[in-house]
Amino acid sequence: ALILIKKAQELNPTAPYSYILLAGVYEGLGKIDQAIDEYEELIELNPRLETTHMALATLLEAKGDKKKAREHYMKALELNPEFAPAANNLAWMMAEEKGGDLGEAMRLALLAKEQYPENPYFADTLGWIHYKRQSYGLALTQFVQASTDLPDNPTVQYHLALTFKANNRDDEAREILNAILSTGMEFP
């Protein structure tokens, strides 16, 4: 696949799809640096593709380069202010930063949630921001939605347990935590 995609890229070096395909193959092979290189090359050719900035930001964030990831999420939103995935991921990053702007994180999370109200990941992000703002009742609503759709996701279940605890529902929190621990999944 790599050979064929590179050949297509040589034949038409300005076509974005060959870069995207190549980056996807590299990512699938665990060659994250090469995938990042492909997205960066594509951005040099066409800096106005918000989806490329989004894909690059996601890989950079996974590698731990939060500063560059943030820049690319912001660029994606600059290109398309309604781009829900970038808004959600940037909101999450802001909520996780020490001294992060929870007001701006809330605005971004609401933007994403309004566009995709049934998305459990967006519900989890919004819930986490409510939790950090100590709005535990609002957080609970979001985490119940997220945990219903993602019952095997330990992070979402943990967020729900924390919120039950914050709402003085200790037995329910303990039940969820025990369920997470009983799965044997690695969960820090």
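**View 1. Gln-134 sits in the loop between helix 8 and helix 9.** Its phi is positive, about 65°, although Gln-134 is not a glycine. Most residues other than glycine have a negative phi, and most peptide bonds are trans. Is Gln-134 buried or exposed? Gln-134 is exposed, at a relative accessible area of 58%. Buried means under 20% relative accessible area, exposed over 50%, and partly exposed in between, with a 1.4 Å probe and protein chains only. Helices (H or I, at least four residues) and strands (E, at least two) are DSSP runs, numbered from the N terminus. The model is predicted: local features need pLDDT of at least 70, side-chain atom pairs count only at pLDDT 80 or more, and totals for chains, interfaces and linings use all residues. Residues are numbered from 1 along each chain as its sequence is written, and side-chain values use heavy atoms, with hydrogens and water left out.

**View 2. Asn-168 lies in the loop between helix 10 and helix 11.** Asn-168 is not a glycine, yet has a positive phi of about 60°. The residue comes just after helix 10. Asn-168 is exposed, with a relative accessible area of 70%.

**View 3. Helix 10 covers residues 154-166.** Helix 10 has 13 residues. From first C-alpha to last, helix 10 reaches 18 Å, close to the 18 Å expected at 1.5 Å a residue. The expected span is 1.5 Å times one less than the number of residues. At the start of helix 10, a side-chain oxygen of Asn-153 reaches to within 3.0 Å of the backbone nitrogen of Thr-155. Which residues of helix 10 are buried? They are Pro-154, Val-156, Gln-157, His-159, Leu-160, Ala-161, Thr-163 and Phe-164. Their cover includes helix 6, helix 8 (120-132), helix 9 (136-149) and helix 11 (170-182).

**View 4. The largest nonpolar core has 46 residues.** A nonpolar core is a set of buried Ala, Val, Leu, Ile, Met, Phe, Trp, Tyr and Cys residues joined through side-chain atoms within 4.5 Å. Which members touch the most others? They are Tyr-73, Leu-77, Ala-86, Leu-108 and Ile-129. Helix 6 (residues 84-96) gives the largest share of this core, 8 residues. Leaving aside neighbours within four places in sequence, Leu-108 is in contact with Leu-77, Ala-87, Leu-90, Ala-91 and Met-94. Contact means heavy atoms within 4.5 Å.

**View 5. Tyr-116 and Phe-122 form an edge-to-face ring pair.** The structure holds 4 aromatic pairs. The ring centres of Tyr-116 and Phe-122 are 6.1 Å apart and the planes stand at 70°, so the pair is edge-to-face. Rings of Phe, Tyr and Trp (its six-membered ring) pair if their centres lie within 6.5 Å; planes under 30 degrees apart count as stacked, over 60 as edge-to-face and the rest as tilted. Tyr-116 is partly exposed at 45% relative accessibility, whereas Phe-122 is buried at 8%. Elsewhere, ring pairs link Trp-92, Trp-128, Tyr-131 and Tyr-136 into a cluster.

**View 6. Asp-33 and Lys-63 meet in a salt bridge.** The N to O distance is 2.4 Å. The pair links distant parts of the chain: Asp-33 belongs to helix 3 (residues 32-45) and Lys-63 to helix 4 (residues 50-63), 30 residues apart. Both side chains are classed as partly exposed, Asp-33 at 44% relative accessibility and Lys-63 at 47%. A salt bridge is a side-chain nitrogen of Lys or Arg within 4 Å of a carboxyl oxygen of Asp or Glu. By this rule the count is 9.

**View 7. Glu-97 and Arg-70 form a salt bridge.** Their N to O distance is 2.4 Å. This pair also joins distant parts of the chain, 27 residues apart. Glu-97 is in the loop between helix 6 and helix 7 (102-115), and Arg-70 is in helix 5 (residues 66-79). Glu-97 is partly exposed at 31% relative accessibility. Arg-70 is partly exposed at 23%.

View 8. Glu-104 is partly exposed, with a relative accessible area of 24%. Arg-107 is partly exposed at 43% relative accessibility.

Definitions and conventions: A polar contact is a pair of N or O atoms within 3.5 Å; within protein, one must be able to donate a hydrogen and the other to accept it, and residues adjacent in sequence count only if both atoms are side-chain atoms.
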